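Have the viewer open as you read.

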Amino acid sequence: MFPAPAKRDGVLPGFRLGLGYTLTYLTLLVLIPLGGMILMTGKLTWGSFWDIATAERALASYRVTFGASLFAAIVNAVFGLIVAWVLVRYPFPGKRFVDALVDLPFALPTAVAGITLATLYAENGWVGQFLAKLGIKVAFTPLGIVVALIFVTLPFVVRTLQPVIEDIEAEVEEAAASLGATRWQTFVRVLLPGIFPAWLTGFTLAFSRAIGEFGSVIFIAGNMPLISEITPLLIISKLEQYDLIGATALAVVMLVISFAMLLTINLLQWWAANRHAKGNDAEPAEALAPGALVEARP
Amino acid sequence: MSIEIRNISKRFGNFVALDDLSLDIPTGELVALLGPSGCGKTTLLRIIAGMETPDSGNVLFGGEEATHVHARERQVGFVFQHYALFRHMSVFENVAFGLRVRPRKDRPSEAEIRERVMGLLKLVQLDWLAQRYPSQLSGGQRQRIALARALAVEPKVLLLDEPFGALDTKVRKELRRWLRRLHDEMHISSVFVTHDQEEALEVADRVVVMNRGHIEQIGSPDEVYSSPASPFVYQFLGNVNVFHSRLHGSWAEVEREGDARAAGSIAFVRPHDIELDVAPIAGGMTAGVRHVHRIGPLVRVELEHDGETIEVELTRERAASLDLPVGKTVWIKPRQAKVFAAEATAPAGKQPFLF
């Protein structure tokens, strides 16, 4: 008799090598720098860390950074879904051109985007002058930050949703229609749950990118302390004053908040993706003997 | 509810899927649309369901014009080959879907929905799977859930597109019989599409044989098998040997000589309608044994006559008593043949043999 193998080998070998490589890579690139940063703050006493982290200017900058990022990500989630839907579902002239346009915010240096947006939305800019008549000020206000962040994070939702929308079977929609569902009911009850995990991924990517965004924001934000100053800028200004420890303290705060939020969203996403497969204790369906199908009862 | 299809035509680009086709489906019948891939059978079914619009012609439901009625208002149940279940919903919610999406005034109460759905799940014998998700079911179970889902809206017509096409043979056989019983209990009109002649002949009240956007023949399973209206139907429903023949009045002399082709008739003989013996048969012809295939209860003998292949099917006992080694010369004689004029076979454009 041969001893039964302890675990089943996958089709592709190299689990150990793959895992080892992944861990080394992540350690070198992510964990060590972040760990170093946290160690650096260790030079502070808890009290002085707390003072720096909860200074009035710091608190205001968190509000601006996370608030504007959340708002921008929500706006992009809604409009990105529409853009992705249109790009997948409808043929129209110039579709490839529009499709390529979506990636442009990725390619453009963010400073260029920031300067362009600041010029456009300034009170005497092309767009800004009309908004000014309506009493809306965009450039050099928190609203300007939101505009810049929307621009920079546009591709994330679109690009994560596109392949998922392409994968939707036409038959599922037809089935819903033949059962009497309206288009809206089909969309909300049948299609949306299918694309929800990908949608959340796109939202998360856009949100985290917005939190870290610096280049485009500083040109349009006006950077007034307590009003339109983002945390990354506050960190830079601390660095410019050789306050390395203060800068890392703020960075650690951002790191912790970001990590907590991303973890929450990831858990939510995991839950959304696995909801339809709960009760996995059941035998896999294919393992059932075909002859037992019709008569099988518990 | 009866379905009338009047002069329907449909093209996809240059491809003619349906060409001026008319068909009546009386209430309560189980009709099979049978034909090779690309014959337009699925297109016809989708037009009946309202998922496709015909280029011209009308569809009438119970005598009323329905050509441009949207799929959601047609009250048809549709079952797809690949089930098209809603993956993120439990089996229960899948079946309940059609009831939940009704406008509020027509929507049954939660208790009624529960009762109806569990009733349907009992009908398809899967009530114990109500809380599972489609990914946890086998193919046969998924298709039965799809059927229960289609029946939940109390359709007047049930349409099935190759419903058992993705299942293995054994499950397919069981589901076929079960569909037949279900149809008899539900008293609705059902139309199902298939390319499997055995399935069509076994389940349907009537078989509609289609080819290249036309109807070749409509009839009971027995009619289409035993008296096919065209060479295409003959060839499509089972194996067949083709003999080019000379006609002498009503009697066809079956030969395979060059000049016979000029005479302009072709005889079709089923492999089980050929007599085979090792001793000479009066009026028979000789052939050499090339292969012997044992397929379950049957033995299929491949013979060579004058450079062409002839198939003969024998029972296992008969083959055993004859002893047919490869290379042996035997005598064959058709017991019955169906003769069509050569022109009739020309448009079908078929090769002389189908295996």
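## Overall fold

Among contacts in chain A between residues at least 6 apart in sequence, what percentage join residues at least 24 apart? In this predicted model, the figure is 78%.

As for secondary structure, chain A is built with 13 helices and zero strands, so reading along the sequence gives you α-α-α-α-α-α-α-α-α-α-α-α-α. Of the 298 residues in chain A, 31% come out as buried.

## Annotated transmembrane regions

An unreviewed UniProt entry puts the feature "transmembrane region" at residues 20–41, 62–88, 100–122, 134–158, 187–207, 214–235 and 247–268 of chain A.

Take a look at two of these stretches. Residues 20–41 of chain A are 100% helix and 0% strand, with the end C-alpha atoms 30 Å apart. Residues 187–207 of chain A are likewise 100% helix and 0% strand, and here the end C-alpha atoms sit 25 Å apart.

## Where α2 meets α13

Now zoom in on helix α2 (residues 46–53) and helix α13 (residues 244–274), both in chain A. Their axes come within 9 Å and cross at roughly 75°. Angles of 65 to 115 degrees count as roughly perpendicular, which is why α2(A) is described as roughly perpendicular to α13(A).

Which residues make the contact? On the α2(A) side you'll find F49(A), I52(A) and A53(A), while α13(A) brings G246(A), A249(A), L250(A) and V253(A).

Methods. Residues numbered from 1 in each chain as written. Chains lettered and ligands numbered in written order. Predicted model: local features only at pLDDT ≥ 70, side-chain atom pairs only at ≥ 80, totals over all residues. Axes fitted to C-alpha atoms, helices over the stretch in contact; angles between N-to-C directions. Helix = DSSP H or I, 4+ residues; strand = E, 2+ residues; numbered from the N terminus. Parallel < 35°, antiparallel > 145°, perpendicular 65-115°, else oblique. Contact = placed C-beta atoms within 7 Å. UniProt positions renumbered as here; feature names shortened; annotations may be inferred. Buried ≥ 20, exposed ≤ 12 C-beta atoms within 10 Å, placed from the backbone.
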